[in-house]
Amino acid sequence: MAADLSRSLGLSPNTSMATLWDALIVGAGPSGVIAAERLRRRGHRVLQLDVGPRLPDDGEIPEVDRRAWPFTTVGGSYDWYRVRAVGGRSLLWGGWCFRFPESSFRRSGWPLGAEELAPAYAQLEQRLGVVEGVLDERYRSLAKALELSIVPKRGMPVAAGRTWAPRLYAPRVRTHTVALRLEHQHRRVHTVPVFDLRTETVKQVRARVVILCASPIETARILIESELESHAERIGRGFVDHMVAGYVVLEPAAPPSREGRGPFPGSALVESAVDERDGKKRPYPGGFSIELRGPVTLESLDIERMAPPGEEERTRATLIHAIGETGAIDERYVDLDPSKRDITGRRVPRVHVAFSKAEEQLAKDMKKACLRVADALAIPGSRVIAFGDPLQAGAGHEAGTVAMGLDEAAPTDVRGRLRALENVWVADSSALPTAGDRHPTLTALAHALRATDDAAKFLEGSRG
């Protein structure tokens, strides 16, 4: 059985799991891929694990088997977006690459700001080939009419219908392998038990540092299972996710051609959509932005059924997608359900769902702003259809379960180093205090770069 496990991990039966790696990276989503690439370029020996398979380039993303990988909720429903495959949720990513402005960091109480992240932002923009689109004239007119700041989409140019797929950049990932917990002594991890899904056996991985990139809920589960004596009470407690309000405007007109409209035709961002004209002080510290996409064909959005029969090609659609920032509240957190287990025998995550009164007001303001934009865009004869409620929990942008902070009570420092274990870094969105007021992936990857560089310094310093 040990030989089977070794083969499944790409190791020889002689070395098995006794090899001492420089770094073990748990997770092969976008943060894990960036971390592995960074360490390997610096000459470190890296073992990267992922629970899912490697998909073929043209393969469909499989649904998660909820019988094998269950979770429970308390206080309401939660839609946990999961992709069990190399590449993780980047396989669903539309490539939006906006930096957080200094105002986002400051008003939400982050322990660092845009200046500290600027070098990492710049490196990632070059690495990913980020470009800026062209702002459509209709959005220029909208910005002037509603006194809004609207900018063209910044992102990665990809082929039509495709998104960035890190599986192309992750040549060495040990698939179908689950990290169960961290075994530690004297504030250092010495081994990590891993479960091979194909052989249903457990072996021990040894590494000088561990970098957790398993997603905020999964990273929290690994750390809770690790029975940390210090800082354990804060792990899982800062759980946040975006609130999303979604609308589609259906207009009785043919969609325009893509030609001459730049790399992201019709895509733009309303940078801060909070309506301050009434002079009222808002109860929520963060804010929200609005992503715009359109006009496009109904077919590109898979919503042909929304048009009257025979009118599909003479109807165009514009998506209006508000993204609202939430902050940590005591009632919203992640822990483990003692009564339910997954196929590895672990306790399953339990998500406690709650919204504050301030967030209820945020939801109202988001919907009001979306409808204001929709009314300004729509031509006569249009319909506006709601398809997302901000108070339906689960936007796929979780953060905060192992949040960074300057005070010693925070689970991680500003570079993601775990305070309870000195050779462990949290390099995914778990360490972000909030998910920001716009798409968070570029900021999450900037944090992953900083965390990985800090781990590399630890490795190189200990060698000396």
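Visitor: What volume does the second largest pocket have?
Guide: The second largest pocket has a volume of about 270 Å³. This is a predicted model, where local features need pLDDT of at least 70 and side-chain atom pairs count only at pLDDT 80 or more, while totals for chains, interfaces and linings use all residues. Residues are numbered from 1 along each chain as its sequence is written, and side-chain values use heavy atoms, with hydrogens and water left out.

Visitor: What makes a space a pocket, and what makes one a cavity?
Guide: Both are sets of points on a 1 Å grid over the protein atoms alone. In a cavity, a 1.4 Å probe fits but cannot get out. A pocket is an open set with protein on both sides within 12 Å along at least five of seven lines. Grid points are joined across faces, edges and corners, and the volume is the space filled by probe spheres set on the points.

Visitor: Which residues line the second largest pocket?
Guide: Lining residues have an atom within 4 Å of a point. The second largest pocket has 19 of them, and Arg234, Gly238, Ala328, Ala403 and Met404 lie nearest its centre. Ten are nonpolar, five polar and four charged. Ala, Val, Leu, Ile, Met, Phe, Trp, Tyr, Cys and Pro count as nonpolar; Asp, Glu, Lys and Arg as charged; the others, Gly among them, as polar.

Visitor: How many cavities of 30 Å³ or more does the structure hold?
Guide: One. The largest cavity holds about 90 Å³ of space. It is lined by 14 residues, and the closest to its centre are Asp241, Arg332, Phe355, Ala393 and Gly394. That lining has eight nonpolar, four polar and two charged residues.

Visitor: Why is strand β14 called largely enclosed?
Guide: Buried means under 20% relative accessible area, exposed over 50%, and partly exposed in between (1.4 Å probe, protein chains only). In β14, residues 316–324, seven of the nine residues are buried, so the rest of the structure largely encloses this strand. Strands (E, at least two residues) and helices (H or I, at least four) are DSSP runs, numbered from the N terminus.

Visitor: Which strands pair with β14?
Guide: Two strands pair if DSSP finds at least two bridges between them. β11, residues 243–251, pairs with β14 in the antiparallel sense over nine bridges. There, Gly246 has His321 as its bridge partner. β13, residues 288–297, is also antiparallel to β14, with eight bridges. Ile290 stands opposite Ala322 of β14.

Visitor: Where does Pro295 lie, and what joins it to Gly294?
Guide: Pro295 lies in strand β13. A cis peptide bond joins Gly294 and Pro295, with omega about 0°.

Visitor: What covers the buried residues of α8?
Guide: The cover includes α5 (137–146), β11, β13, β14 and β17 (383–388). Among the buried residues are Leu362, Met366, Cys370 and Val373.

Visitor: Why is Leu371 called partly exposed?
Guide: Leu371 is in helix α8. Its relative accessibility is 35%, so Leu371 counts as partly exposed. Leaving aside neighbours within four places in sequence, Leu371 is in contact (heavy atoms within 4.5 Å) with Tyr247 and Val384. The C-alpha atoms of Leu371 and Val384 are separated by 8.1 Å, and the two are 13 residues apart along the chain.

Visitor: Is Glu200 buried or exposed, and why?
Guide: Glu200 has a relative accessible area of 60%, so it is exposed. Glu200 lies in the loop between β9 and β10 (201–212). Its phi is near 55°, a positive value in a residue other than glycine.

Visitor: Why does Ser215 count as buried?
Guide: Ser215 has 15% relative accessibility, so it counts as buried. Ser215 sits in the loop between β10 and α6 (216–225). Not counting residues up to four places away in sequence, Ser215 touches Trp80, Arg89, Ala220, Asp428 and Ser430.
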